[in-house]
2 protein chains.
Amino acid sequence: MQRYFVSEQQMSLENVLLLGDDANHITRVMRMAEGDEILCCDGNGRTARCKIVSLAKEEVSATVVQWLTEEKELPIQVTIAQGLPKGDKLETIVQKGTELGAHAFLPFSSSRCIVKWDEKKGKKKVERLEKIAKEAAEQSHRQVIPTIEPPISFKQLLAKAKQFKYKMVAYEEEAKAGEKQQLAQLLTTMDAAQEMLCVIGPEGGLSSEEASQLQEAGFLLCGLGPRILRTETASTYVLAALSYHFELTR
Amino acid sequence: MQRYFVSEQQMSLENVLLLGDDANHITRVMRMAEGDEILCCDGNGRTARCKIVSLAKEEVSATVVQWLTEEKELPIQVTIAQGLPKGDKLETIVQKGTELGAHAFLPFSSSRCIVKWDEKKGKKKVERLEKIAKEAAEQSHRQVIPTIEPPISFKQLLAKAKQFKYKMVAYEEEAKAGEKQQLAQLLTTMDAAQEMLCVIGPEGGLSSEEASQLQEAGFLLCGLGPRILRTETASTYVLAALSYHFELTR
C-alpha cells in the first residue's frame, strides 16, 4: 500500500489531509479513486491505514480506518556525519542511508574536501536532500523521515560530538592496518534506543590529524573490513552491519 | 599505492608488463616516472610490489620488488544473482558489490523484469561491466576481479543453483511479514572458503511462484530487516552483513 508522510497539523485521530506533491501523486501518478486505501505517517512514528473520501488536484481527504503498530525503525538512532563528497554523491548517501534506517545526516567539511558548500545554493540543496529522504522513507516503509542538518565545519563537528556517548569514525588507515575489532565491540556495548554518531570522511579521507582529534574526542577508529570502500559505500556498510547486528541476530 | 590487475601472461615471478589502459593510466593520469612503485595483482590472489623500469605510451615495464601476503577477499565466495534492473543500476550493483567483496555477478531475467537483455548489445554490456568490476577491484584493494556472467533465464538460474550448497533469496514479502532469523542462521552454518548463491529480485520483486520454486530448490527466503530495500541496495546489505559477520566479529 502506498505510504505518505504528512505533517502533524494535517493529521488528526480521525482524518488526514494530503496536499501539494502528495495529492498530485495520489491523483495523477497512482490515479486513485474514492474508497482506495493508503498509509499515512505523521513522521513521529504513528501510522494509520486510511480510506480516501475526496480528491481534488491539490487536496485529498481521507479518513482513518485503523491505527497500526509498526516497528520499522532501526533500534539505534544513527546520525551519519558525512564529509562533503563530490557531485551528486550526497544525494545517493541520503537515499541509501534512509532506506537502511539512518536517523539524521550531518554533512561536514574537512581539510581534504574538494567541494565547498555554496551558502547561497545551500538552502535549496538541503531542501532537495529533504525531499529525497522523504521519498526514500516512504518507499522503504519507514515511520520517520531522517533529518538533514545544514553542513558544519570539522571544528563544529567536534563540538557537536559531545552530545553523543557512542561515536565511531570509519577510518581507511585502520582498515589498511587490519583493524577488525572496534565496530563489533562498540555494537555489543550498545542497547536499543541509544544514539550513535558515525563519521565518514570525504573522497580523500580524513587527515591523520583529524583522525587524532576525533579519537581524543572519544571516537573509536573503526575498520570496515580489509577492502577500501568509497565514501558513499561506507555509510551503507555501517547501517547494514547495525541492522544485521540489532535486527537479525537478536 | 596504485594497484593494477594484469593477466598471468603479463606477470612472471620477476617482471610485469602493463599494457593499454593500464599503461595509459600510469603515464598520463598518474604521471609516474621510472623508479615509482605500484602494486600488481595477477587476479588469482597474488600481489607484488613492483618498481617501474621503463615507460612508453602503450607499454610500461616493472620489476617485482616484493611478493605480498595479503588477505583482502571476503572469506565466503558470494555469487550475486541479480534480477535485471532498469537503467544503469546493474553498473552500480557491480561497482558497489565489487567493493564489498562479491565473487561473481549473475544477471537473470524473471517474470517481473521490465528490462529485456539485448543479445546484440549484450556482449558489449558484459565487457563494460567487467571494466567496472576491474576498476572497483583496483580501487578497493582486492586481489581478485569478480566474474561477470552473461544473463540467464529464471529456469537456467534454478538449474545453476544445484551447484551451490548454500543459497538464499532476499524476499520482500518475508521482510514485510517480519522474518528476521534466516540470514543470521544461514551464516552461522557456514565456514570460510564456502560458496553462497544470493538471489535478488528486480525492481518489481519476485513473484510468489518464483519464490516458491526457489524455496523448493533449497533457497532460504530471507528478510533483510523491516525496511523495504531497493533492488540495488539489497546486495550491498547482504555483502556488508557477510563482511561484518565473517570479518569483524571473528
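**Where the chains meet**

Guide: The contact, meaning heavy atoms within 4.5 Å, takes 40 residues from chain A and 39 residues from chain B. This is a predicted model: local features need pLDDT of at least 70, side-chain atom pairs count only at pLDDT 80 or more, and totals for chains, interfaces and linings use all residues. Residues are numbered from 1 along each chain as its sequence is written, chains are lettered from A and ligands numbered from 1 in the order written, and side-chain values use heavy atoms, with hydrogens and water left out.

Visitor: What area is buried between chain A and chain B?

Guide: About 3500 Å², with carbon and sulfur atoms giving 52%. Buried area is the accessible area (1.4 Å probe) that two parts lose on being put together, summed over both. In chain A, A:Arg227, A:Tyr244 and A:Leu248 lose the most area to chain B, together 23% of what that side buries.

Visitor: How many salt bridges cross that interface?

Guide: The rule finds six between chain A and chain B. A salt bridge is a side-chain nitrogen of Lys or Arg within 4 Å of a carboxyl oxygen of Asp or Glu. B:Arg227 forms one with A:Glu247, and their closest N and O atoms are 2.8 Å apart.

Visitor: Which elements of chain A give two or more residues to the side that touches chain B?

Guide: Helices H2 (89-99), H3 (119-139), H6 (182-188) and H8 (231-248) of chain A. Helices here are DSSP runs (H or I, at least four residues) and strands are runs of E (at least two), numbered from the N terminus. H8(A) gives the largest share, 10 residues.

Visitor: What rotation superposes chain A on chain B?

Guide: One of 180°, with 0.0 Å of shift along its axis (RMSD 0.0 Å). In chain A, the C-alpha nearest the axis belongs to A:Ala241, 2.6 Å from it.

Visitor: New topic. Which domains does the assignment give chain A?

Guide: Domain 1 (3-68) and domain 2 (77-248). Those bounds come from an automatic or database domain assignment. The domain centres, taken over C-alpha atoms, are 32 Å apart.

Visitor: How much area do the two domains of chain A bury between them?

Guide: About 740 Å², 53% of it on carbon and sulfur atoms. A:Arg3, A:Phe5 and A:Gly45 supply 71% of what domain 1 of chain A buries against domain 2.

Definitions and conventions. Least-squares fit on C-alpha atoms with pLDDT ≥ 70 in both.
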